[in-house]
Amino acid sequence: MDERFDCIIVGGGIAGLSAAITLARANVRFLLVERGEWSGAKNVSGGVLWGRDLATLVPNYWEDEDAAFERYVAHRRLTFMDDGAAFSLDFKSNHFDEAPYSGVTVLRSRFDAWLAGKAQEAIDASSVADESLIATDVLVRELIVEDGKVCGIRAGEDAFYADSVILAEGVNNLLTRQVGLQTEYVPATGLAVGVKEVIRFDAKVLEDRFQLSGRRGMSNEFVGYATDGVEGGGFLYTNRDSVSVGLVLGMEDLRRSRKKPYDLLNGFKQHPVVADALRGGEVLEYSAKVVSTGDLRAMPKEVYGEGVLVAGEAANLVLNAGRAIQGMDFAMRSGMLAAETVIEAVRAKDFSTAIFTHYRTALDASYVMQDLRGFQDAVKVLHSPEMFTAVPRLVCDFGREFFTVDNRPTKKAWQILRDVRKEHLSYWDLVKLGAKASRAL
Amino acid sequence: MSNADASVRPLTIAERLGKVAYRNQGRSAATPHIVVDTAICNSTCPHQCTTYMCPANCYTLDDVGKVHFQFEDCIECGTCMYACDQGAVAWSYPDPETGRGVNWNAG
């Protein structure tokens, strides 16, 4: 193929497919290459896709019988746990039932395949249907760089050329490194390891156990015993007829701990509260993934270069600021924004870096970078050792005393709090942490 | 707590990997996508951390404490590429035709 595309997208995950749909709708000629046998074959996430951008990409997706999201999040829970107890903040509200939903659980192998179908539909409906293409089973070996400008990809014996390349290659961003936007060796700082199991249940059992009806689902995050003292947290999300249960473990702290991620996952699953939720299920799949933590220091030096734009987790666009682990929504938005810059370049017939900086400007102006910058302190607080050791223990000790009636004179809540605080944290540590957390979150 | 159910019984890593669908399993020899200079692991490395951090247990210690690596069970997560700070791990993606690697069913 010697024809030149307007754009080549590397990676058919959420960022790449969001870019593809956006380009197709603007009648831009592109090639999307995905190294998996199908879109999603190589993708793993926790996973909740937060926010409402999916409704922009696929309008009224919730009315589509075949829409490959699992459940929409109608029930949220944050659980602090020690070895025997769990103290949860639990929130359920009927406003979550209103479409477009503000979060859907997904299994990527299915969800991405469906989204790729939507991208193909967008291509078919475009005026350049014969000139755009989604190709799977294609591994990009390297970017073609001429005079310092990225102008194509090399895959096997083949070379493909384009005026622009969007790198949506995921967290293990080898091509982003090739062009010097990311350092050659990326240290473990600011990265985490995610391990997960998908456990199957009859839908009826699942719905009864988690009090779900229709497509309603629950998201539950865990801090404390979940990770056995290692920096990180746990999660449990309900899918249609399975749950996704797993841990995200700070990589540096895991190295220091000398613990194995799958042993920690066993420990988490055996906690009484988690074991109760999982009883009788059948493990379908075990998976693992490197996860960015939202630490800006792990980000590429820049999200654009000559001829190239970086979107999704290839740019380490993930944030856990305590309210939700956001990554797939960042991928979606950044993919759309990168595509919009390419559309602008195609219309202006100008693929210079001056135009590509507009992607940076748009990303900075969007909630993605606003939140990533605005919640850096939250990322630091959440990664401080107290947050996954002393704090959850304190919360659980408080709960044990507060919720136990034993026919003896009862302490007031402030007395319980005072007494349990002494066991776990110095007064000043608590004040400092409280002050930091209240500002940061 | 009863731990009789499969969902709560601790699974071994072998049981877990048994639930992963790998590509090109029929091929007699697949091309390795990760090359590890175990001479570094077994001489100057102070932690040999891949032997406990790898979620697929591709890095193992033998009876005399030497590190061995196999790529066949690799689930392409990338952990070892960051965890190894000794320059022993040369990481790339498996070739769709000749390599190994995963096909996630759920993901």
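Visitor: How many salt bridges are there between chain A and chain B?
Guide: In this predicted model, the count between chain A and chain B is 7 salt bridges. One of the residues involved is B:Arg16, which forms a salt bridge with A:Glu197. The closest N and O atoms of B:Arg16 and A:Glu197 are 2.5 Å apart.

Visitor: And how many residues does each chain bring to the contact?
Guide: Chain A contributes 61 residues to the contact, and chain B contributes 44 residues.
Visitor: Which residues of chain A lose the most area to chain B?
Guide: They are A:Arg255, A:Glu285 and A:Tyr286, which together account for 15% of what the chain A side buries. Between them, chain A and chain B bury about 4500 Å². Of that area, 53% lies on carbon and sulfur atoms.

Visitor: Let us turn to chain B. What does its secondary structure come to?
Guide: Chain B has 4 helices and 4 strands. Read from the N terminus on, the elements run α-β-α-α-β-β-α-β.
Visitor: What box do its C-alpha atoms fill?
Guide: Taken along the principal axes, the box of the C-alpha atoms of chain B is roughly 45 × 40 × 25 Å. Chain B has 107 residues, of which 50% count as buried. Chain B also exposes about 4600 Å², with carbon and sulfur atoms supplying 50% of it.
Visitor: What about contacts in chain B between residues at least 6 apart in sequence?
Guide: Among those contacts, 69% join residues at least 24 apart.

Visitor: I was looking at B:His33. Is it buried or exposed?
Guide: B:His33 has a relative accessible area of 3%, which is under the 20% cut-off, so this residue counts as buried.
Visitor: Where is B:His33 placed?
Guide: B:His33 is in the loop between helix H1 (13-17) and strand S1 (34-36) of chain B.
Visitor: Which residues is B:His33 in contact with, leaving aside neighbours within four places in sequence?
Guide: B:His33 is in contact with B:Phe71, B:Cys74 and B:Glu76, and also with B:Ala90, B:Trp91, B:Ser92, B:Tyr93 and B:Pro94.

Visitor: Back to chain A. What is the strand order in the open sheet of 4 strands?
Guide: The order is S1-S11-S10-S9, and the pairing is mixed. Strand S1 (4-5) and strand S9 (142-146) of chain A each have a single partner strand, so they stand at the edges and one side of each is left without a neighbour in the sheet.
Visitor: How do S1(A) and S11(A) run?
Guide: S1(A) and S11(A), the latter made of residues 158-162, run parallel and are joined by 2 bridges. The bridge partner of A:Arg4 in S11(A) is A:Tyr161.
Visitor: What do strands of a sheet pair through?
Guide: Strands pair through backbone hydrogen bonds, in either a parallel or an antiparallel manner.

Visitor: How many residues of strand S14 of chain A are buried?
Guide: In strand S14 (residues 216-224) of chain A, 7 of the 9 residues are buried, and the strand is mostly covered.
Visitor: Which strands are joined to S14(A)?
Guide: Among them is strand S5 (residues 72-81) of chain A, which runs parallel to S14(A) and is joined to it by 9 bridges. There, A:His75 stands opposite A:Met218. Strand S15 (residues 232-238) of chain A is joined to S14(A) by 4 bridges, and these two run antiparallel. In that pair, A:Ser219 stands opposite A:Tyr237.

Visitor: One last topic: which residues make the nonpolar surface patch of about 350 Å²?
Guide: The patch is made by A:Tyr427, A:Trp428 and A:Val431. A:Val431 is found in helix H16 (residues 427-440) of chain A. With 33% relative accessibility, A:Val431 counts as partly exposed.

Notes. Residues numbered from 1 in each chain as written. Chains lettered and ligands numbered in written order. Predicted model: local features only at pLDDT ≥ 70, side-chain atom pairs only at ≥ 80, totals over all residues. Heavy atoms only, no water. Pairing = 2+ DSSP bridges. Patch = residues over 30% accessible without salt bridge, like charges linked within 9 Å, V, L, I, M, F, W, Y side chains within 5 Å. Areas by Shrake-Rupley, 256 points an atom, 1.4 Å probe, with all protein chains shown as cover. Salt bridge = Lys/Arg side-chain N within 4 Å of Asp/Glu carboxyl O. Buried < 20%, exposed > 50% of the residue type's maximum accessible area, 1.4 Å probe, protein only. Contact = heavy atoms within 4.5 Å. Buried area = accessible area lost by both parts, 1.4 Å probe.
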